[in-house]
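These are my notebook entries on one protein structure. I set down what I looked up, entry by entry.

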Amino acid sequence: MPGDHRVPADDLPPGAVRRAGPWAVVNRDGRYSAVSRRCRHQLADLSGGTLDAEGCLVCPWHGSRYDVRTGEMVDGPRGFLLYRGPTPGYSGLVRAYASVLKLRVRRALRRGDDVVVEE
């Protein structure tokens, strides 16, 4: 069905991040969430990111951290283009921009053998 975005539940163990169409679906200790896949910094694909110990989605390029419940960037970025390291003034500017343009957030639920993003 069009707009039906899902991930096999077996491919989404606790701590995992997977792609489901335009969404990055995460499993935070058995609680599923989905956020839009493009980082607000340089549009990295967040479905290639990781979940940290606090349950935040971490961008694979420059380490921006997102609260998957709200879509808010809570930290980062740590770099620009190919540089990875401290960028205090620049990072503050990106966080200010990202506070206005948060990631979109959707519920994701287990349905049978799949985790489905509700649209």
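The entries below run from the overall form to single residues.

**Entry 1. Basis.** I worked from a predicted model, in which local features need pLDDT of at least 70 and side-chain atom pairs count only at pLDDT 80 or more, while totals for chains, interfaces and linings use all residues. Residues are numbered from 1 along each chain as its sequence is written, and side-chain values use heavy atoms, with hydrogens and water left out.

**Entry 2. Overall form.** I found 1 helix and 12 strands in the protein. Helices (H or I, at least four residues) and strands (E, at least two) are DSSP runs, numbered from the N terminus. In sequence order the pattern reads β-β-β-β-β-β-β-β-β-β-α-β-β. The C-alpha trace spans about 45 × 25 × 20 Å along its principal axes. I then checked the radius of gyration, which is taken over C-alpha atoms, against the globule rule of 2.2 Å times the number of residues to the power 0.38. The protein has 14 Å, which agrees with the value near 14 Å for a compact globule of 119 residues.

I noted that 46% of the 119 residues count as buried. Buried means under 20% relative accessible area, exposed over 50%, and partly exposed in between (1.4 Å probe, protein chains only). Of the contacts (heavy atoms within 4.5 Å) with a separation of 6 or more, 40% are between residues 24 or more positions apart.

**Entry 3. Cores.** Which residues have the most contacts inside the largest nonpolar core? They are Leu-46, Leu-57 and Tyr-66, in a core of 16 residues. Strand S3 (23-28) and helix H1 (88-100) each supply at least two residues of this core. Apart from it lies another core, of 12 residues, including Val-7, Ala-16, Ala-108 and Val-117. I use the term nonpolar core for a set of buried Ala, Val, Leu, Ile, Met, Phe, Trp, Tyr and Cys residues joined through side-chain atoms within 4.5 Å. In soluble globular proteins, nonpolar side chains tend to be buried together.

I also listed the contacts of Leu-57, setting aside residues up to four places away in sequence. Among them are Val-17, Ala-24, Val-26, Val-35, Leu-46, Tyr-66 and Val-68.

**Entry 4. Strand S12.** I looked up how strand S12 (residues 114-117) pairs, where pairing requires that DSSP finds at least two bridges between two strands. Strand S1 (residues 5-8) pairs with S12 in the antiparallel sense over 4 bridges, and Val-7 has Val-115 as its bridge partner. Strand S11 (residues 105-111) also pairs with S12 in the antiparallel sense over 4 bridges; here Leu-109 has Val-116 as its partner. S11 and S12 form a hairpin with 2 residues between them, and Gly-112 in the turn has a positive phi of about 65°.

Which way do the S12 residues point? Asp-114 and Val-116 point one way, Val-115 and Val-117 the other way, and all are buried. In a regular strand the side chains alternate between the two faces of the sheet.

**Entry 5. Open sheet.** I traced an open sheet of 4 strands in the order S5-S6-S7-S8, with antiparallel pairing. S5 and S8 are the edge strands, each pairing on one side only. S6 and S7 pair over 3 bridges, and Cys-56 stands opposite Asp-67 in S7.

**Entry 6. Two histidines.** His-5 is found in strand S1. His-5 counts as buried because its relative accessibility is 17%. Its side chain makes a polar contact of 3.3 Å with that of Glu-119. A polar contact is a pair of N or O atoms within 3.5 Å; within protein, one must be able to donate a hydrogen and the other to accept it, and residues adjacent in sequence count only if both atoms are side-chain atoms.

His-62 is in the loop between strand S6 (56-58) and strand S7 (65-67). His-62 has 4% relative accessibility and therefore counts as buried. The side chain of His-62 makes polar contacts of 3.4 Å with the side chains of His-41 and Gln-42.

**Entry 7. Backbone details.** A cis peptide bond joins Gly-76 and Pro-77, with omega about -10°. Pro-77 is in the loop between strand S8 (73-75) and strand S9 (79-80). Asp-29, although not a glycine, has a positive phi of about 55°; Asp-29 is exposed at 67% relative accessible area. Leu-43 has a positive phi near 65° and is exposed at 53%.
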